[in-house]
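I wanted to look up how the chains are built and where they touch. My entries are set down below in the order in which I went through them.

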Amino acid sequence: MNAPTTTSHYPTAPMAQKAESHTLSVLVDNEPGVLARVIGLFSGRGYNIESLTVSETEHQKHLSLITIVTTGTPMVIEQIKNQLDRLVPIHRVVDMTLAGNSIERELAMVKVRGKGDNRVEALRLADAFRARVIDATTESFVFEITGKSDKIEQFVELMLPLGLVEVARTGIAAIKRGPEGL
Amino acid sequence: MTKEMTGAEMVIQAMADQGVQHLFGYPGGAVLPIYDAIFAQDKVKHILVRHEQGAVHAAEGYARSTGKVGCVLVTSGPGATNAVTGLTDALMDSIPLVCITGQVPTHLIGNDAFQEADTVGITRPCTKHNYLVKRVEDLPRILHEAFHIAASGRPGPVVIDIPKDVQFAKGVYSKPKEFPHTGYKPRIKGDMAAIKEAVALMAHAKRPMFYTGGGVINSGKAASDLLRELVKLTGFPITSTLMGLGAYPAADPQWLGMLGMHGTLEANMAMHDCDVMICVGARFDDRITGRIDAFSPGSKKIHIDIDPSSINKNVRVDVPIIGDCAHVLEDMVRLWRTNGHQADKKAMSMWWTQIDKWRARKSLAYRPSNEVIKPQYAIQRLFELTKDRDTYITTEVGQHQMWAAQFYGFNEPNRWMTSGGLGTMGYGLPASVGVQLAHPKSLVIDIAGEASVQMTMQELSTAVQYRLPIKIFILNNGYMGMVRQWQELLHGGRYSESYSEALPDFVKLADAMHAVGIRCQKPGDLDHAIKEMIDVDRPVLFDCVVDPAENCFPMIPSGRAHNEMLLGDAGIALEDAITEEGKMLV
């Protein structure tokens, strides 16, 4: 018989498959620790969180909607959904990416500091991106922009040479198109 | 019925209402009100352990051998952190437990108070669910909910952390009622279309194989009975994981022995070569599959599991069936019968011929000795001398555990308590305490190693205190045997720190702890010594001195497939065991 070749008693890692990005809508009881359960699951099992948005959406029933953008191989994505689903305070897990036909939006506030031409250019670009000015001083603006993440990325990139100071983003919220709810 | 009482009284009342008879625990400042409530009643009997880890393992043994929920009570801080190993163990092996932990008063939480720990934070990843009870009004619901969650679906441990002021507070207690939780609804019945597809696959199989696990045991006696019926009906071969031993009788010719890293050659080869695999309540763990990409490459896989997250976790399956084993097996048996299915006789006969050739290689063979006790021989004798009795076996973790799994024939479910998923050394002794309490008239044996047993040795005092005549059968090879084996095979024989230095004299130790010590060093004395152990109606520490160099074979080396097993040198060589025609198939 052949002698063993590795020095671990665990199987070697399987060949890496291609990772996909999925947006999950997770309906949970808004109780203490529920977010920790979700985040702990991701960190404990080595899953990725690209974006996370949480807020109570149905006050009477104390239900919160968590929107998570995660990446992984199809098998890992399936695992993530099943693992989430078996947490006791979780009511539903919907894969918005698989379900298709959903809208994803993000809000960002972008602070830009500058004078003269840069300031004018920032305002013009903001207008083109339909970003609103929500704070202004003689040497700065704060823009509010909503849209898909790549639109925000693009806007932020354009602001960089014009005196970008900082960005605050909400993370992605997602909802299904059409009359049906979760 | 509702009644006003303190939070502490509610804890004990809820246990009584849930049918709890024994509670394993250790007192401390933050649970004293509950200990007061225990003092004032006699429905729930408290068993005082010597360490909180022991309390959890004892409750696990109790739960595993009875199918009931095991109960634990520990104090805040160190009490809770000491329980963590047991909780993790129970989570990995799907054992239903309710563990009550004391907590500092609510106004001190977060204050780094004396014996404070973030118990819900620490136990969140090692429980099925946990609670911090901040208001006594919530306590009755949480207590009953905890029992429901622990026992239903895929069972697991549930922690309820109760601050001391909540234990003192008065509130209205209510009896268990309908479970209102909307987010938690385990699926019991399997999808009929999937079950039909599975049965059709089975009916056309040429080289089928049952692969069963702990889920069958957890599903209850009915699941084991139905499994036996289905296996008999179909005539298919069957293997099981470590956790599933006993669901199908080891004495039956269709039984191929345990599979996996230290499973039999025939079980692993049949898994590798089968064309239809029926996985019932097992989870394709890495000890089972070996190299994933070479795992049973040619088979269609049917997977029955109550936990959807077990499906497609490690291995992609073709027919997933989410549901309780007993329910799904019942549907399968009925469908098989009503459709008048018959296994393909010719194909089955060829398949069994092949399996018999693998069997003929006697992969569990070892070189017997008249000089030293071979550990395998010790287990064989233990089995022969106890098989006609009402016997329960627990184990620690390591070589002795694998030998017990290989050589002790389990013919009934719930008779075998071992730490499978977590691999917790020190599990077996306290687990045997729990088993013996649940089955006071039965013979309960902890098959142990001299290294493992020292991890929870102090629980022998618990056994003595409650007159539990457990038998601790130590295969003493002077090494952490499994570590030594891996060091021999994989690390050039550099036995770094794996020698059991400064061992106690187990016979004297037993004596000092008011138990009975027996030592046996010669194969010729073994039967007599084992009989003596069985006949003593007191806890026994049996020091069985065995061959220190023996390795546990067969084994699938890491990174290898099921058909690349390593046999011990006593195994029958390939050429001697099989014909030319058979070689083609190996």
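**Conventions.** I noted that this is a predicted model, in which local features need pLDDT of at least 70 and side-chain atom pairs count only at pLDDT 80 or more, while totals for chains, interfaces and linings use all residues. Residues are numbered from 1 along each chain as its sequence is written, and chains are lettered from A and ligands numbered from 1 in the order in which they are written.

**Chain B overall.** I found 23 helices and 20 strands in chain B, where helices (H or I, at least four residues) and strands (E, at least two) are DSSP runs numbered from the N terminus. The radius of gyration of chain B, taken over C-alpha atoms, is 25 Å, close to the 25 Å that the globule rule gives for 586 residues, so chain B is as compact as a globular protein of that length; the rule is 2.2 Å times the number of residues to the power 0.38. I also noted that 57% of the 586 residues of chain B count as buried, meaning that 20 or more other C-beta atoms, placed from the backbone, lie within 10 Å of the residue's own.

**Domains.** For chain B I read domain 1 (2-174), domain 2 (192-359) and domain 3 (375-545), with bounds that come from an automatic or database domain assignment. The centres of domain 2 and domain 3 of chain B, taken over C-alpha atoms, are 31 Å apart. I found 14 residues of domain 2 of chain B in contact with 13 residues of domain 3 of chain B, contact being C-beta atoms, placed from the backbone, within 7 Å.

**Helix α4 of chain B.** Helix α4 (residues 78-92) of chain B has 15 residues, and α4(B) bends by about 40° at Val84(B), the bend being the angle between axes fitted to the seven residues ending there and the seven starting there. Val84(B) is itself buried, as are Gly79(B) and Leu87(B), among others in α4(B). I saw that the buried residues of α4(B) pack against elements of chain B including α3 (52-66), β4 (70-74) and β7 (157-163). Just after α4(B), Ser94(B) takes a positive phi of about 55°.

**Chain A against chain B.** Here 29 residues of chain A are in contact with 30 residues of chain B. On the side of chain A that touches chain B, α2(A) gives the most, with six residues.

How values were computed. Two residues are in contact if their C-beta atoms, placed from the backbone, lie within 7 Å. The expected span of a helix is 1.5 Å times one less than its number of residues. A residue is buried if 20 or more other C-beta atoms lie within 10 Å of its own, exposed if 12 or fewer, and partly exposed in between; C-beta atoms are placed from the backbone.
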